[in-house]
Amino acid sequence: MQGLSFLPKNKTLHNPRRRGHHYWKNETSRCPVFATPIYYYEMCGQMKTMLDRTNPLYGTDYLFRDIYLLAAAAEDDGHAADGAVQGLSGWTACYPKSRLAGVVFCGGVNAVGEIKGNRKLIEAYEMGKNV
(Lines give C-alpha, C1' and ligand atoms only; values in the text may rest on other atoms or scores of the structure.)
Protein backbone atom coordinates (compact mmCIF):
# COMPACT_ATOMS: atom_id res chain seq x y z
CA MET A 1 0.00 0.00 0.00
CA GLN A 2 2.97 2.32 -0.18
CA GLY A 3 1.66 3.63 -3.51
CA LEU A 4 -1.22 5.42 -1.78
CA SER A 5 0.20 8.79 -0.85
CA PHE A 6 -2.13 11.52 0.22
CA LEU A 7 -0.80 12.74 3.55
CA PRO A 8 0.36 16.25 4.38
CA LYS A 9 4.08 16.82 3.95
CA ASN A 10 6.30 15.12 6.53
CA LYS A 11 3.48 12.84 7.77
CA THR A 12 3.08 9.09 7.49
CA LEU A 13 0.65 6.57 8.91
CA HIS A 14 2.59 3.94 10.77
CA ASN A 15 1.74 0.31 11.51
CA PRO A 16 2.99 -0.21 15.07
CA ARG A 17 3.10 -4.00 14.55
CA ARG A 18 5.68 -3.80 11.78
CA ARG A 19 8.80 -1.79 12.48
CA GLY A 20 9.63 0.60 9.69
CA HIS A 21 6.52 -0.17 7.63
CA HIS A 22 4.29 2.72 6.63
CA TYR A 23 0.86 2.34 5.10
CA TRP A 24 1.29 5.57 3.18
CA LYS A 25 4.36 7.59 2.40
CA ASN A 26 4.43 11.31 1.88
CA GLU A 27 4.30 12.04 -1.83
CA THR A 28 2.32 14.47 -3.92
CA SER A 29 -0.81 12.43 -4.60
CA ARG A 30 -3.95 14.49 -4.38
CA CYS A 31 -6.20 12.00 -6.10
CA PRO A 32 -6.55 8.55 -4.52
CA VAL A 33 -8.12 5.84 -6.63
CA PHE A 34 -9.54 2.91 -4.68
CA ALA A 35 -10.23 -0.43 -6.34
CA THR A 36 -12.20 -3.25 -4.78
CA PRO A 37 -14.03 -6.41 -5.60
CA ILE A 38 -17.63 -6.33 -4.41
CA TYR A 39 -18.44 -9.05 -1.90
CA TYR A 40 -22.02 -9.27 -0.62
CA TYR A 41 -22.81 -5.84 -2.09
CA GLU A 42 -20.02 -4.11 -0.15
CA MET A 43 -16.33 -3.19 -0.48
CA CYS A 44 -13.82 -5.87 0.49
CA GLY A 45 -12.65 -6.10 4.08
CA GLN A 46 -9.10 -5.01 3.24
CA MET A 47 -10.34 -1.73 1.78
CA LYS A 48 -12.59 -1.09 4.78
CA THR A 49 -9.70 -1.77 7.15
CA MET A 50 -7.46 0.58 5.17
CA LEU A 51 -10.08 3.34 5.35
CA ASP A 52 -10.44 2.79 9.09
CA ARG A 53 -6.69 3.13 9.53
CA THR A 54 -6.72 6.58 7.98
CA ASN A 55 -8.36 7.96 11.12
CA PRO A 56 -5.15 9.88 12.06
CA LEU A 57 -5.71 12.02 8.93
CA TYR A 58 -8.85 13.52 10.46
CA GLY A 59 -8.13 17.11 11.39
CA THR A 60 -4.88 17.31 9.41
CA ASP A 61 -4.09 19.29 6.29
CA TYR A 62 -4.51 16.24 4.02
CA LEU A 63 -3.64 16.62 0.35
CA PHE A 64 -6.31 14.58 -1.40
CA ARG A 65 -9.28 16.27 -3.07
CA ASP A 66 -10.89 14.13 -5.77
CA ILE A 67 -11.41 10.47 -4.90
CA TYR A 68 -12.27 7.72 -7.37
CA LEU A 69 -13.60 4.19 -7.00
CA LEU A 70 -13.18 1.22 -9.35
CA ALA A 71 -15.21 -1.86 -8.47
CA ALA A 72 -15.98 -5.23 -10.00
CA ALA A 73 -18.37 -8.02 -9.03
CA ALA A 74 -19.83 -11.28 -10.24
CA GLU A 75 -23.29 -9.78 -9.78
CA ASP A 76 -24.36 -7.89 -12.89
CA ASP A 77 -26.99 -5.74 -11.15
CA GLY A 78 -26.17 -2.07 -11.69
CA HIS A 79 -26.72 -1.44 -7.98
CA ALA A 80 -24.34 -4.12 -6.73
CA ALA A 81 -21.67 -1.55 -5.82
CA ASP A 82 -24.05 0.86 -4.06
CA GLY A 83 -22.92 -0.33 -0.61
CA ALA A 84 -19.27 0.32 -1.44
CA VAL A 85 -20.12 3.72 -2.92
CA GLN A 86 -22.09 4.60 0.20
CA GLY A 87 -19.25 3.44 2.46
CA LEU A 88 -16.62 5.42 0.58
CA SER A 89 -18.94 8.43 0.43
CA GLY A 90 -19.29 8.26 4.22
CA TRP A 91 -15.52 8.19 4.61
CA THR A 92 -15.15 11.06 2.14
CA ALA A 93 -17.71 13.13 4.09
CA CYS A 94 -15.26 13.18 7.02
CA TYR A 95 -12.81 15.13 4.86
CA PRO A 96 -14.65 18.28 3.75
CA LYS A 97 -12.00 19.33 1.20
CA SER A 98 -12.51 16.08 -0.70
CA ARG A 99 -15.27 14.56 -2.81
CA LEU A 100 -16.10 11.28 -4.48
CA ALA A 101 -15.48 12.44 -8.03
CA GLY A 102 -16.09 9.26 -10.00
CA VAL A 103 -17.10 5.61 -9.86
CA VAL A 104 -16.75 2.87 -12.45
CA PHE A 105 -18.46 -0.44 -11.69
CA CYS A 106 -18.09 -3.55 -13.83
CA GLY A 107 -20.55 -6.34 -13.08
CA GLY A 108 -20.65 -9.86 -14.45
CA VAL A 109 -16.98 -10.51 -13.75
CA ASN A 110 -16.44 -13.74 -11.86
CA ALA A 111 -13.10 -15.20 -12.95
CA VAL A 112 -9.61 -14.10 -13.87
CA GLY A 113 -9.56 -12.65 -17.36
CA GLU A 114 -13.34 -12.21 -17.75
CA ILE A 115 -12.99 -8.44 -17.68
CA LYS A 116 -10.71 -8.44 -20.73
CA GLY A 117 -12.30 -6.41 -23.52
CA ASN A 118 -15.11 -5.10 -21.31
CA ARG A 119 -16.28 -1.59 -22.21
CA LYS A 120 -15.95 -0.59 -18.52
CA LEU A 121 -12.17 -0.74 -18.94
CA ILE A 122 -12.45 2.02 -21.52
CA GLU A 123 -14.72 3.99 -19.18
CA ALA A 124 -12.14 3.69 -16.37
CA TYR A 125 -9.35 4.69 -18.76
CA GLU A 126 -11.27 7.74 -19.94
CA MET A 127 -12.06 8.75 -16.36
CA GLY A 128 -8.36 8.51 -15.54
CA LYS A 129 -7.38 10.62 -18.54
CA ASN A 130 -9.62 13.41 -17.26
CA VAL A 131 -8.08 13.53 -13.81
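Helices (H or I, at least four residues) and strands (E, at least two) are DSSP runs, numbered from the N terminus. This is a predicted model, where local features need pLDDT of at least 70, side-chain atom pairs count only at pLDDT 80 or more, and totals for chains, interfaces and linings use all residues. Residues are numbered from 1 along each chain as its sequence is written, and side-chain values use heavy atoms, with hydrogens and water left out.

**Exercise 1. Which residues have the most contacts inside the largest nonpolar core?**

Step 1. Start with the term. A nonpolar core is a set of buried Ala, Val, Leu, Ile, Met, Phe, Trp, Tyr and Cys residues joined through side-chain atoms within 4.5 Å.
Step 2. The largest such core has 21 residues, and those with the most contacts inside it are Phe34, Met47, Leu88 and Trp91.
Step 3. The elements giving two or more residues to this core are S3, helix H1 (45-52), strand S5 (66-72) and helix H2 (82-93).
Step 4. Look at Met47. Not counting residues up to four places away in sequence, Met47 touches Phe34, Ala35, Thr36, Leu69 and Leu88.

**Exercise 2. Is Thr92 buried or exposed?**

Step 1. Thr92 lies in helix H2.
Step 2. With a relative accessible area of 5%, Thr92 is buried.
Step 3. Leave aside neighbours within four places in sequence. Thr92 then contacts Ile67, Ser98, Arg99 and Leu100.

**Exercise 3. Examine phi at Tyr40 and Tyr41.**

Step 1. Recall the background: most residues other than glycine have a negative phi.
Step 2. Tyr40 is not a glycine, yet has a positive phi of about 55°. Phi of Tyr41 is also positive, near 65°.
Step 3. Tyr40 is in the loop between S3 and strand S4 (42-43). Tyr41 is in the loop between S3 and S4.
Step 4. Tyr40 is exposed, at 82% relative accessibility. Tyr41 is partly exposed, at 44%.

**Exercise 4. Which strand gives the most to the lining of the largest pocket?**

Step 1. On a 1 Å grid over the protein atoms alone, a pocket is an open set of points where a 1.4 Å probe fits, with protein on both sides within 12 Å along at least five of seven lines; lining residues have an atom within 4 Å of a point.
Step 2. The lining of the largest pocket has 13 residues, and Ile38, Tyr39, Ala73, Ala74 and Glu75 lie nearest its centre.
Step 3. Strand S3 (residues 33-39) gives the most, with three residues.

Definitions and conventions: Buried < 20%, exposed > 50% of the residue type's maximum accessible area, 1.4 Å probe, protein only. Contact = heavy atoms within 4.5 Å.
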